[in-house]
Amino acid sequence: MARILVVDDAQIMCKILQAMLEKAGHDVVGIAYSGREGLDMYKRMRPDLVTLDIQMPGGDGLSCLEDIRAIDRDANVIMVTALGRGPAEEESREKGASGYLVKPFRPEQLYEVIDHCLSDHEQEGWSH
């Protein structure tokens, strides 16, 4: 399965994501609590996929997304946010996110977006 980096400022969300991902057989290789920390971990670990919150102190998710994509144009980054649909989703898409998931979500929704991102289906995994 995939090596995944979780980036979210809320520790409880990180624990929830980690549990869901590990239950599905993925390996959570790191947890970061800010965009800056997430970018540093991405550079070191080069995971297969990143789950990335948008609103975080110490470097927001959209800036982190841009920085990751500047390093690796093929990076799989799923934005996991409470912001809902609209401008944040569109900006995420424009900046190269592989998918977008609105909190709260069911495990099945997360797994579906990840499966689409990892199987190289262009834009199919986008909105869930």
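Asp 53 and Lys 103 are both buried, where buried means under 20% relative accessible area, exposed over 50% and partly exposed in between, with a 1.4 Å probe and protein chains only. The model is predicted: local features need pLDDT of at least 70, side-chain atom pairs count only at pLDDT 80 or more, and totals for chains, interfaces and linings use all residues. Residues are numbered from 1 along each chain as its sequence is written, and side-chain values use heavy atoms, with hydrogens and water left out.

**Salt bridges**

A salt bridge is a side-chain nitrogen of Lys or Arg within 4 Å of a carboxyl oxygen of Asp or Glu. By this rule there are six salt bridges, including those in the table.

| Pair | Closest N to O |
|---|---|
| Lys 103 and Asp 8 | 2.8 Å |

Helices (H or I, at least four residues) and strands (E, at least two) are DSSP runs, numbered from the N terminus. Asp 53 sits in the loop between β3 (49-52) and α3 (61-71), so its pairing with Lys 103 links parts that are 50 residues apart in sequence. Glu 66 is in helix α3 and Lys 95 in the loop between α4 (87-94) and β5, so that pair connects parts 29 residues apart in sequence. Glu 66 is partly exposed at 40% relative accessibility, and Lys 95 is partly exposed at 22%. Through shared partners, salt bridges join Asp 8, Asp 53 and Lys 103 into one network.

**Surroundings of Asp 8**

Asp 8 is buried, with a relative accessible area of 1%. A polar atom of its side chain lies 2.9 Å from the backbone nitrogen of Ala 10. Leaving out residues up to four places away in sequence, Asp 8 touches Met 13, Cys 14, Ala 32, Tyr 33, Asp 53, Met 56 and Lys 103; contact means heavy atoms within 4.5 Å.

**Cysteines**

The structure holds zero disulfides, a disulfide being a pair of cysteine sulfur atoms within 2.5 Å. For Cys 14, the nearest cysteine sulfur is that of Cys 64, 13 Å away. Cys 14 is buried, with a relative accessible area of 0%. The sulfur of Cys 117 is 16 Å from the closest cysteine sulfur, in Cys 64, and this is too far for a bond. Cys 117 counts as buried at 7% relative accessibility.

Technical notes. A polar contact is a pair of N or O atoms within 3.5 Å; within protein, one must be able to donate a hydrogen and the other to accept it, and residues adjacent in sequence count only if both atoms are side-chain atoms.
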